[in-house]
Amino acid sequence: MREEKRNKLLILYASQTGNALDAAERIGRESERRGCPVVVRPVDDYDARCLPEEDTVIFVVSTTGQGDTPDSMKVFWRFLLQKSLSKQWLEGVRYAVFGLGDSGYQKFNFVAKKLDNRLLDLGATAVVERGLGDDQHPSGYDHDCDEKEIDYNFISSHRYEGALDPWMRSLWRRLHQIDPSFFPQGPDHVIEEMKLIDQPKVHITYHSIDNAASRLSNASDLEGIRMQLETARSMSAGKLSNYNNKAVCFLKMIKNQPLTKSGSGKDVRHFEFEFVSAAIEYEVGDVLEILPSQDPAAVDTFIQRCNLDPDALITVQHKEMKNYLPDIHKNTTEVPIKLRTFVELTMDVASASPRPEHEKERLQYFASPEGRDDLYKYNQKERRTVLEVLEDFPSVQMPIDWLVQLVPPLKTRAFSISSSPLAHPNQVHLTVSVVSWTTPYKRKRTGLCSVWLAGLDPQQGIYIPARFQKGSLPRPPPSVPLILIGPGTGCAPFRGFVEERAIQSSSGPAAPIIFFFGCRNEDDFLYRELWLSHSLNDGVFSEAKGGGFYVAFSRKQPQKVYVQHKMLEQSQRIWNLLLSKASIYVAGSATKMPSDVWSTFEEIISKEGEASRDSAANWLKALQRAGRYHVEAWS
């Protein structure tokens with residue numbers, strides 16, 4: 001079996017948001033340009049029992065939360081941790097690991113590091129030293145937005161190229177040294193990407209109408225919509241890993257309330273949803289993923305521009321996929337679906353920037369190393385959509401199989417849940433910043449999901465497909481005191497925490513909460529009345545209960561004041577709560593806030609505990625290891 005896979009690289013990726021997918025596809029593309037075929041698979045579509053039979057495996061893995069594995073990797077990782085696996089289990093298998101993380105977190109690229117160590121423990125041989133990409137890389141996008149919508153389609157793998165490019169060069173050289181047949185003409189000989197155009201990795205089959213397909217393609221009831229969604233998304237399994245492993249539910253919006261004042265420069269909304277299908281159990285601190293709806297006019301324009309038949313019935317198959325699928329997926333029969341439905345539910349045609357590897361001279365220049373910066377300015381910086389790129393290059397006419405492969409997948413958007421199911425049975429609430437910004441060339445851009453949600457009228461009764469997943473903030477027991485730091489929309493999960501603690505305190509003893517909130521001024525003081533009401537009488541923030549609520553206005557006065565300044569003012573109270581076994585929860589922007597807050601805690605511990613700064617840092621790290629320091633941050 002190993003001989004059959006000789007000179008073919010297997011690339012397995014584990015992605016929470018899509019960045020690892022982008023990096024994996026880039027590695028695969030660069031390998032193919034050097035003459036080495038690849039198979040790129042999500043790790044949850046791979047049978048881990050087959051690892052000893054592989055020759056060379058490239059892992060591309062993201063780190064989420066506080067050193068957590070992506071959801072799609074959890075089963076694979078548990079398998080690797082089995083004590084029954086011997087130290088020779090992967091003997092003869094070569095591997096390389098590239099990690100994607102955020103240096104704003106304490107456990108930077110923790111998943112890549114522990115995967116690398118575990119593969120070594122099991123007898124595998126590293127081809128090159130692991131590569132570590134950083135989400136804070138300066139090549140990343142630089143528009144100023146404080147958003148809760150995690151608009152992952154905008155986050156380009158370009159920001160990881162500072163680490164990825166040199167890592168790939170080392171990988172190609174080392175593989176060629178190990179076995180020249182990987183790259184028959186050498187690791188520096190690159191095939192023009194135009195010559196790879198005739199090698200799509202997906203196959204489209206057109207079907208004649210039959211009763212079953214017709215019923216699926218024209219279904220309008222809730223169950224029919226679910227069937228369409230699951231059918232379309234399952235055909236995109238190569239890009240949308242782990243989708244069918246999570247329960248999909250449908251929500252109906254019942255409230256769309258602006259939280260910021262008109263003219264404040266920000267538009268933050270409070271959304272409330274009811275379950276239309278069966279309710280899904282969730283906890284405070286969990287995350288809701290929403291699949292946004294695309295503009296029907298944009299979908300129609302894309303289909304017309306590409307000369308496609310919207311009513312054609314199709315199935316989409318990924319070549320070479322079955323060799324690497326777990327047995328449970330191998331015998332599934334795909335049901336045909338309307339082409340327009342497939343595009344609408346799986347292909348991001350009017351929001352995400354395309355992968356523009358393919359007017360010929362201009363495209364060839366963009367694909368060259370010399371043109372990479374100009375490509376970044378044209379594509380990612382300006383956030384040109386697939387439709388806009390097709391309009392800029394009118395001579396480009398791609399067949400459907402290449403369009404399916406190259407158009408970015410329509411991804412779900414993740415939001416911290418801002419409600420407690422104890423306070424709002426059969427409901428889930430979100431706090432969402434409506435994302436908009438201006439590109440360097442003054443082009444207006446908006447976030448697909450947040451703008452769509454903000455434009456919905458609760459009276460419309462639109463079905464919204466969603467999934468729940470565990471977040472980085474575990475539900476605290478009522479007996480644990482809480483220190484919450486959540487500037488801006490970072491307050492979202494803590495609204496649920498406070499609601500739940502208030503209910504718990506009404507029926508029994510509950511520990512106090514102190515909350516440090518930050519905003520620019522009164523115009524974007526989110527949930528002002530809620531926080532202040534809990535500060536009065538016997539509220540969970542009341543001083544009588546040992547709690548407190550402190551707001552930092554960064555623009556209200558000449559000197560900027562941030563949450564860390566308010567924390568220092570309450571240094572003694574924070575220290576006393578920490579001595580009372582309090583847990584710390586931090587949520588908000590990943591740029592500087594988490595590290596600034598960590599540093600402030602170090603300063604407080606050093607001062608109040610009369611310890612050195614190093615001792616304070618170690619004390620804080622011990623707190624984190626004990627599960628009492630939690631961070632949820634986003635770029």
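Predicted model: local features only at pLDDT ≥ 70, side-chain atom pairs only at ≥ 80, totals over all residues.

Residues are numbered from 1 along each chain as its sequence is written, and side-chain values use heavy atoms, with hydrogens and water left out.

Helices first. Two packed helices are described by the angle between their axes and the distance between the axes. Helices (H or I, at least four residues) and strands (E, at least two) are DSSP runs, numbered from the N terminus. Axes are lines fitted to C-alpha atoms, for helices over the stretch in contact, and angles run from 0 to 180 degrees between N-to-C directions.

Start with α7 (residues 296-305) and α9 (residues 339-346), whose axes come within 10 Å and cross at roughly 120 degrees. That makes α7 and α9 oblique to each other (under 35 degrees is roughly parallel, over 145 roughly antiparallel, 65 to 115 roughly perpendicular, and the rest oblique). Their crossing is right-handed; that is, the near helix is turned clockwise from the far one by less than a right angle, with anticlockwise being left-handed. On the α7 side, Pro-296, Val-299, Asp-300, Phe-302 and Ile-303 meet Leu-339, Arg-340, Val-343 and Glu-344 of α9, where contact means heavy atoms within 4.5 Å. These residues of the α7 and α9 contact split into six nonpolar, no polar and three charged (Ala, Val, Leu, Ile, Met, Phe, Trp, Tyr, Cys and Pro count as nonpolar, Asp, Glu, Lys and Arg as charged, and the others, Gly among them, as polar).

Asn-307 counts as exposed at 59% relative accessibility (exposed is over 50% relative accessible area, buried under 20%, partly exposed in between, with a 1.4 Å probe and protein chains only).

Now jump to α18 (residues 571-579) and α19 (residues 593-608), with axes that come within 10 Å and cross at roughly 85 degrees. So α18 and α19 are roughly perpendicular. From α18 the contact uses Ser-571, Gln-572, Ile-574, Trp-575 and Leu-578, and from α19 Phe-601, Ile-604, Ile-605, Lys-607 and Glu-608. The tally for α18 with α19 is six nonpolar, two polar and two charged.

Helix α19 also packs on α20, at about 115 degrees with the axes 8 Å apart, in a right-handed crossing. Between α19 and α20 sits a loop holding Glu-610. Phi of Glu-610 is near 50 degrees, again positive in a residue other than glycine, and Glu-610 is exposed with a relative accessible area of 75%.

What does Ser-554 touch, leaving aside its neighbours within four places in sequence? Its contacts are Cys-519, Arg-520, Lys-560, Val-561 and Tyr-562. Ser-554 lies in the loop between β20 (548-553) and α17 (563-569) and is buried at 7% relative accessibility.

Finally, the cysteines. With a disulfide taken as a pair of cysteine sulfur atoms within 2.5 Å, the count comes to zero. Cys-491, for one, has its nearest cysteine sulfur, that of Cys-519, 9.2 Å away. Cys-491 is buried at 0% relative accessibility, and Cys-36 is buried at 1%.
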